[in-house]
Amino acid sequence: MMNYSESYFLSSDGVTPIHVNHWMPTDRPVRGVVQIAHGVAEYGKRYAPFAEFLCAHGFAVVANDHLGHGKSGIANAPKLYFGETDGWWHAVDDMETLRRQTAQEFLGKPYFLFGHSMGSFLSRSYLIRWPGKLDGCILCGTGNPSPAVIAGGKLVTNHEIRHMGKKAYSARADALAFGSYNKKFRPNRTLCDWVSASEANVDAYIVDPQCGGNISVGLLRDILEGLSYITDKSNLEKMERDMPVLFIAGQNDPVGDMGKGVHRACENFQKAGMLDVQSKLYPGMRHEILNEEAKTDVYRDVLLWLEKRC
């Protein structure tokens, strides 16, 4: 049994209400807390099946909607937009606000962060910016683009921002960021085949009004800034070395360069001195491994990893 509720807190940007989803076990003691950071162009409540599974095993789960996503709307701004200045860092600091509030409610309980896709990039930024706050972190569907790729993306987004402004949608920048993903799965059934090997999941993603959409060029620029930060070796050395980290991804996930980017990220953590780093790739799965047909395998592996650290 579990209880679902919603709440809001004020973003670190000082103006935006941040929406939070809460899933709490009601039939057993809470053994730990899992905070979820969702990906780009989706929202926290989309993780309800995963959260309910964790609740059934004694974990309280919280997931906020990042700025410009879900119910965390920015006044007078389009969706999928973090803000005019310091958007990436506002999103990261909002994660710390939620952690601080939730940890107060469950004093002494192990606290874990689960970040998917863009949420994994935000989580990696969090590990550097807020070390020593967690008992473990799971990075799902992450990647590790080269400095050259990041620099090329910045050139394009900066050009588009100068001509269109941060709130605008740029087909050119969008194609640069996501255009190559679907090419790996030709012939394509949809524009989102790369999201999942499950056609039912792809179709559900496409019809969900809170998924997909035109990502602002400002948000794309913020993501690139975040990627620069988390791939800088000097920043990685600021992480808490004793904190365990688990990398999980689909073997066929283009965000992780079909596994190669996940391995690079994992190796960079180890080279930075992290003492407990593990990784697992799931054959046949694409980007959203929590929504694939064999998702129970992923659920089980995550649960076992959490239980060992409780």
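Buried denotes a relative accessible area under 20%, exposed denotes one over 50%, and partly exposed covers the range in between. These terms apply in each of the following legends, which describe close-up views of a predicted model.

Figure 1. K280 is partly exposed because its relative accessible area is 36%, a value between the 20% and 50% limits. D301, at 17%, is buried, since its relative accessible area falls under 20%. The two side chains meet in a salt bridge, with an N to O distance of 2.9 Å. The pair links distant parts of the chain, with K280 in strand 8 and D301 in helix 10, 21 residues apart. K280 and D301 also belong to a network of salt bridges that includes D297 and R300. The structure holds 18 salt bridges.

Figure 2. R46 forms a salt bridge with E42, in which the closest N and O atoms are 2.7 Å apart. Both E42 and R46 are buried. A salt bridge also joins R46 to E288, again with 2.7 Å between the closest N and O atoms. R46 lies in the loop between strand 3 (32–37) and helix 1 (48–56), and E288 in the loop between strand 8 (277–282) and helix 10 (295–308), so this pair ties together parts of the chain that are 242 residues apart in sequence. E288, like R46, is buried.

**Figure 3. The largest cavity.** The model contains 2 cavities of 30 Å³ or more. The largest cavity holds about 100 Å³ of space. Its lining includes E42, R46 and E288, the residues that form the salt bridges E42 to R46 and E288 to R46.

Figure 4. Y126, L127, W130, P131, G132, K133 and L134 contribute to the lining, together with M239, E240 and M243. The class counts for this lining are 7 nonpolar, 1 polar and 2 charged residues.

**Figure 5. The largest pocket.** The volume of the largest pocket is about 1300 Å³. Its lining consists of 50 residues, and those nearest the pocket centre are A177, F178, G179, Y181 and W194. Five helices each supply at least two lining residues: helix 3 (118–129), helix 4 (147–164), helix 5 (171–178), helix 6 (199–207) and helix 7 (217–230). Helix 5 gives the most to the lining, with 6 residues. By class, the lining is made up of 28 nonpolar, 16 polar and 6 charged residues.

Figure 6. D174 is found in helix 5, the helix that gives the most to the lining of the largest pocket. Side chains of opposite charge can pair when their charged atoms come close. Apart from neighbours within four places in sequence, D174 is in contact with Y169, G179, I215 and L220. Of these contacts, G179 is also among the residues nearest the centre of the largest pocket.

**Figure 7. The second largest pocket.** The second largest pocket holds about 190 Å³ of space. It is lined by 17 residues, of which G68, H69, G70, K79 and L80 are the closest to its centre. The lining divides into 6 nonpolar, 9 polar and 2 charged residues.

Figure 8. N64 lies in strand 4, which spans residues 59–64. N64 counts as buried because its relative accessibility is 1%, whereas the limit for a buried residue is 20%. When residues up to four places away in sequence are not counted, N64 touches I18, H19, V20, I36, H38, G44, M95 and L98.

Key:
Residues are numbered from 1 along each chain as its sequence is written. This is a predicted model: local features need pLDDT of at least 70, side-chain atom pairs count only at pLDDT 80 or more; totals for chains, interfaces and linings use all residues. Side-chain values use heavy atoms; hydrogens and water are left out. On a 1 Å grid over the protein atoms alone, a cavity is a set of points where a 1.4 Å probe fits but cannot get out, and a pocket is an open set with protein on both sides within 12 Å along at least five of seven lines; lining residues have an atom within 4 Å of a point. Grid points are joined across faces, edges and corners, and a volume is the space filled by probe spheres set on the points. Helices (H or I, at least four residues) and strands (E, at least two) are DSSP runs, numbered from the N terminus. Ala, Val, Leu, Ile, Met, Phe, Trp, Tyr, Cys and Pro count as nonpolar, Asp, Glu, Lys and Arg as charged, and the others, Gly among them, as polar. Contact means heavy atoms within 4.5 Å. Buried means under 20% relative accessible area, exposed over 50%, partly exposed in between (1.4 Å probe, protein chains only). A salt bridge is a side-chain nitrogen of Lys or Arg within 4 Å of a carboxyl oxygen of Asp or Glu.
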